[in-house]
Amino acid sequence: MTDYDNSKELVKKILNSYQNIEIATSNLLEKLKKDNLLYGEIYLNLDSFLPNLDKEVIVKTIFDLIKKSELNINIVLEVESSLTKEMLYNNLNILYNYYNKGINGIYFKKNKFDRIESYKSLFDKFIKDEVNYILLMDSKLTSQDKEIYYNANRIIYNVLEIPDNEFLEEIKNKNIILEMGITYQSFFNIYDDLKNHIIYDLYKLNVSIAFTTIDEMVLDTDLLNEYCKIFNVFPFSLH
């Protein structure tokens, strides 16, 4: 866990100038191009950069490089519920300024002590404005949470049990995607053995699943490695 925290701090220290952000983004895009990427999303937490850097300049720097690369990549703006109202407002301004112009959604990362229904007015606005949003689910939903989760575009699903029938019907009817990071979940002891994972059970129930990774500087993996792990254990079909 200390290594994980240190890795995140290392990223913050490296990305301490516009020049370093440009170098890091260029290196990432070059790697993705070599990997023959068909489509990708970069989760961007603007509050992880040093406060003296202008958020609009950070976004524009990354967008310009993505456009120049001609790769099919979008940005998901990552926002934490622990932010002050002013910081949250500034991030939402950037979201709306760039929505569908490079940013294609927002990942609202709640603090484990926060209740998601406390932000209902925020999600009501997202639903009204048809803004794609992503939520983390790491415990069973309360009745108050359900409306917010059932209108999400994707759910990062860290509950290692099959959802109840109501949840399954809602996500299938609305084609909500469940995201799972195998290495991430293993690192945080969400499951003990990949053979006991629910991924294949969800697949057989016709649930839409996306396999995801965290930055390679944080956890040493990539999508190819994630797919290899999964396909070595479960009889997924490529068709």
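At 38% relative accessibility, Leu 223 counts as partly exposed, a class that lies between buried (under 20% relative accessible area) and exposed (over 50%), computed with a 1.4 Å probe and protein chains only. The model is predicted, so local features need pLDDT of at least 70 and side-chain atom pairs count only at pLDDT 80 or more, whereas totals for chains, interfaces and linings use all residues. Residues are numbered from 1 along each chain as its sequence is written, and side-chain values use heavy atoms, with hydrogens and water left out.

Leu 223 belongs to helix 10 (residues 223-233); helices (H or I, at least four residues) and strands (E, at least two) are DSSP runs numbered from the N terminus. Together with Tyr 227 and Phe 231, Leu 223 forms a nonpolar surface patch with about 250 Å² of accessible area. Such patches take residues with over 30% relative accessible area and no salt bridge, and join nonpolar side chains (Val, Leu, Ile, Met, Phe, Trp, Tyr) within 5 Å and like charges within 9 Å. A salt bridge here is a side-chain nitrogen of Lys or Arg within 4 Å of a carboxyl oxygen of Asp or Glu. The areas come from the Shrake-Rupley method with a 1.4 Å probe, and for residues only the protein chains shown count as cover.

Most residues other than glycine have a negative phi.

Strand 4 is largely enclosed by the rest of the structure, because five of its five residues are buried. Tyr 133, Leu 135 and Met 137 lie on one side and Ile 134 and Leu 136 on the other, so that both faces are covered. In a regular strand the side chains alternate between the two faces of the sheet.

Strand 4 pairs in the parallel sense with strand 3 over three bridges, and also in the parallel sense with strand 5 (residues 154-157) over four bridges; pairing requires at least two DSSP bridges between two strands. Tyr 133 is the bridge partner of Ile 106, while Ile 134 stands opposite Arg 154 in strand 5. Strand 3, helix 5 and strand 4 make a right-handed β-α-β unit: with the strands pointing away from the viewer, the path from the first strand over the helix to the second runs clockwise.
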